[in-house]
Amino acid sequence: MTHHPQTRAWRGIGLRRERWHGYYFLGPSIVLILALIAIPLGHAVVTSLYRVRGLRSDFVGLDNYVRLFTRSEFWDSLQVSILFTAVCVFFHMALGLGLALLLNRLAFARTAVRIGFLAPWIVAPSIGALIWVWMLDPQFGVVNHLLVSAGILSEGKAWLADPTLALVSVMVVDIWRGTPFVMLLLLAGLQGIPKDQYEAARMDGATAWQELRYVTLPNLRYLLVVASTLDIIYTIRHFDIIAVMTGGGPTGATEVLPVLIYNTAFSQNAFGRASAVGIMLLGIILIFSMAYLKLTKPGKARED
Amino acid sequence: MSTTIKTIARTAVSALALCIGFGGVAKAADIVLQWQATALSEAQYEPIWKAAVAAFEAKHPGVKIEPVLVPRKDNWTKFVTSAQAGIAPCLVSVPVPTAAFNGYLMAMDDLWAKEPDSYKAIWSTEALGAGRFEGKLYGMPHYAGIYGEIYNADMVKAAGLDPENPPKTWAEYLDWSKKLNTPEHNALALLAGPTETTTRVLLSWIYSNGGKPFNDDFTESRFSTDPRTVEAIKFYLGLETEHKLTSPGSAALNYAEQTVLFAQGKIASMRNAYWGLAKVLGDNPAMKGKIMVTVPPANSPAAKTVATVTTTSISANCKNPQEAWDFIKFLNEPDYAVQMVSAANWMPLRNDLLNVPEVANDKVVQAFLAMGANAVTIPLPTPAWTQISSKDIVEAVQRILQEPARIDAILADLDKTVTDHLQDK
């Protein structure tokens with residue numbers, strides 16, 4: 001063996017230095033997460049323990065949470081949130097899958113059609129909502145004009161002034177806006193399904209419905225669960241469309257939890273109570289987020 | 001020391017030097033006063049405030065006014081957000097009781113005290129009262145809006161009604177409204193949208209019946225227990241629920257929608273302040289000369305209307321209160337105040353303007369001023385005003401329109417909610 005007297009004994013110093021390099025690269029992300037998420041979240045938790053009136057605050061402990069659970073406001077809003085999320089996610093998934101299947105079969109103008117279907121998602125939510133407000137205007141809106149002209153309605157409806165119609169309207173707008181995202185996800189999944197499975201099914205005499213049921217859906221199962229979990233997380237947090245279209249009204253019919261937070265903070269000047277609602281909403285979202293993380297654990301897709 | 005650490009250290013020192021340099025430069029720069037008011041977005045007021053700002057800056061070198069444009073419905077939210085962060089615009093127009101209670105405004109008594117008696121004498125106690133909270137002055141009056149009944153004169157004539165003999169009682173008003181409600185246009189728009197205007201119009205009906213929806217010190221709500229208030233609410237909301245005289249979608253109608261409907265000939269009348277006319281004429285100049293203004297119909301000898309006073313305040317975090325005060329005074333100078341009357345239809349609040357020809361010779365202004373002599377001033381002097389006016393009362397109105405048979409129960413719930421808020425619970 002050749003001896004090299006100039007060579008130092010290896011102590012792993014190089015590896016430790018490389019490990020520090022990893023932290024340097026992570027640093028900006030950690031700072032960003034602390035600044036944009038951890039610190040405001042901590043502040044919200046602290047605020048939820050105070051009764052805040054403007055620039056004055058008094059420590060009240062868990063009073064804000066007790067008030068939350070003992071008044072109907074929060075439960076009504078939670079009910080609206082659950083209904084809104086359930087209906088919107090169902091239609092996002094159903095329509096998204098339908099559109100993805102359609103686009104997957106298109107042989108021509110595929111890109112143009114895809115861009116067309118993506119348009120609702122590209123438009124800023126508040127701008128889209130504002131356009132819908134104009135379209136749904138009871139006197140001047142194009143929706144009433146078309147429906148009355150087509151004989152579907154005998155007279156125009158006050159879409160945003162009736163509690164039930166207002167909820168349906170904001171759901172329709174959210175479905176219009178949210179479907180393209182699901183469509184994109186599922187389209188990517190469809191294009192990953194091996195074509196020989198379809199060939200084999202056809203050789204066995206499978207109908208289109210049987211192909212969908214026994215080939216497409218099983219292959220998409222993991223993606224469907226992931227997409228619906230993500231969609232629930234996005235939809236339950238929605239604020240902009242409802243805030244622009246109805247502000248949570250009329251009579252609280254469209255007041256989902258994020259809108260309740262806003263109204264509590266700014267109309268009622270109760271930042272402490274609003275923070276308490278926010279923490280509860282965070283808890284709900286965390287449950288779905290943990291489910292999402294569990295589903296997307298590396299190797300989970302292969303297991304399925 | 002490694003190269004990386006040396007690089008980081010050099011960068012930090014350079015950044016620090018830059019900050020100090022900029023800080024030095026900033027100190028030598030102008031004083032910038034941000035000014036937030038919904039009126040800045042009104043087309044008819046824009047040339048007036050721009051001229052005022054230019055003139056003020058010319059007269060006060062080193063002071064710049066930076067307007068902050070904000071939609072009407074976002075004014076309070078934007079102000080509160082910035083006030084919470086300690087960076088609210090120096091000059092704001094917000095409801096004084098709520099803003100002062102929350103610590104968002106600076107008391108201006110010291111600045112007021114320095115003014116000569118001749119300046120103080122031009123402001124009435126009532127006008128200044130709108131800017132006071134717990135005895136301190138938090139807002140200087142800027143302009144007022146007095147609520148009257150406004151009709152489309154052509155539609156009145158087409159309905160066979162006499163424009164020289166407008167309704168003075170509720171019964172006459174109902175009769176007029178039934179005749180003005182046609183397949184082409186509705187008689188009126190009932191405001192039930194989520195803004196304070198809904199409450200202002202409702203209160204104008206209540207006060208026109210001699211109603212007292214609150215006790216004298218604003219600690220108790222009496223919407224369900226004061227008979228005159230209940231009667232007024234039932235009559236006003238009955239225009240929609242019983243008589244079907246209103247345009248559709250009340251729960252989505254606010255001041256802006258109402259004036260658009262009137263300008264477009266979709267409604268024959270509106271309960272609005274004089275400034276609504278300027279907006280209507282801005283939207284539809286063809287309506288000039290075709291608008292009737294009358295005192296709101298009354299149902300009681302103790303009838304009053306509603307006058308809303310807009311004040312300009314200084315934020316608690318303002319670092320240049322003297323300059324801000326100087327600008328507030330400048331905005332209220334006769335030249336600009338008179339222009340506001342002519343162009344923007346804002347009621348003058350300075351005593352010394354009442355005999356100025358533009359004011360004295362304007363019949364419509366005089367009619368509104370006469371109405372205003374017998375008016376209840378809004379905002380009401382309670383810190384809960386913002387909440388009860390833009391949420392509690394609005395929701396109750398919306399619920400009654402949905403379930404008119406439950407009006408008594410809804411008003412009882414409203415009283416419970418509003419009383420809690422009045423008592424800061």
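Residues are numbered from 1 along each chain as its sequence is written, while chains are lettered from A and ligands numbered from 1 in the order in which they are written. Because the model is predicted, local features need pLDDT of at least 70 and side-chain atom pairs count only at pLDDT 80 or more, whereas totals for chains, interfaces and linings use all residues.

Me: Why is chain A called more spread out than a compact globule?

Reply: The radius of gyration, taken over C-alpha atoms, is set against the globule rule, 2.2 Å times the number of residues to the power 0.38. For the 304 residues of chain A that rule gives 19 Å, and the value of 26 Å is well over this, so chain A is more spread out than a compact globule. Along its principal axes, the C-alpha trace of chain A spans about 100 × 75 × 30 Å.

Me: What part of chain A counts as buried?

Reply: A residue is buried if 20 or more other C-beta atoms, placed from the backbone, lie within 10 Å of its own, exposed if 12 or fewer do, and partly exposed in between. By that criterion, 32% of the 304 residues in chain A are buried.

Me: How do you know that the length of helix α19 of chain B agrees with its number of residues?

Reply: Helices are DSSP runs of H or I with at least four residues, strands are runs of E with at least two, and both are numbered from the N terminus. The expected span of a helix is 1.5 Å times one less than its number of residues; the 16 residues of α19(B), 407-422, should therefore span 22 Å, and its end C-alpha atoms are 22 Å apart, which agrees.

Me: What puts the buried residues of α19(B) on the same side?

Reply: The buried residues are B:I407, B:I410, B:L411, B:L414, B:D415, B:V418, B:H421 and B:L422. They cover an arc of only 145 degrees around the axis, which puts them on the same side of α19(B); the arc is that of the directions from the helix axis to the C-beta atoms. These buried residues pack against α11 (227-241) and α18 of chain B.

Me: Which helix gives the most to the side of chain B that touches chain A?

Reply: Two residues are in contact if their C-beta atoms, placed from the backbone, lie within 7 Å, and on that basis 23 residues of chain B are in contact with 21 residues of chain A. On the chain B side, α3 (75-84), α4 (96-101) and α18 (385-402) each supply at least two residues, and α18(B) gives the most, with seven.
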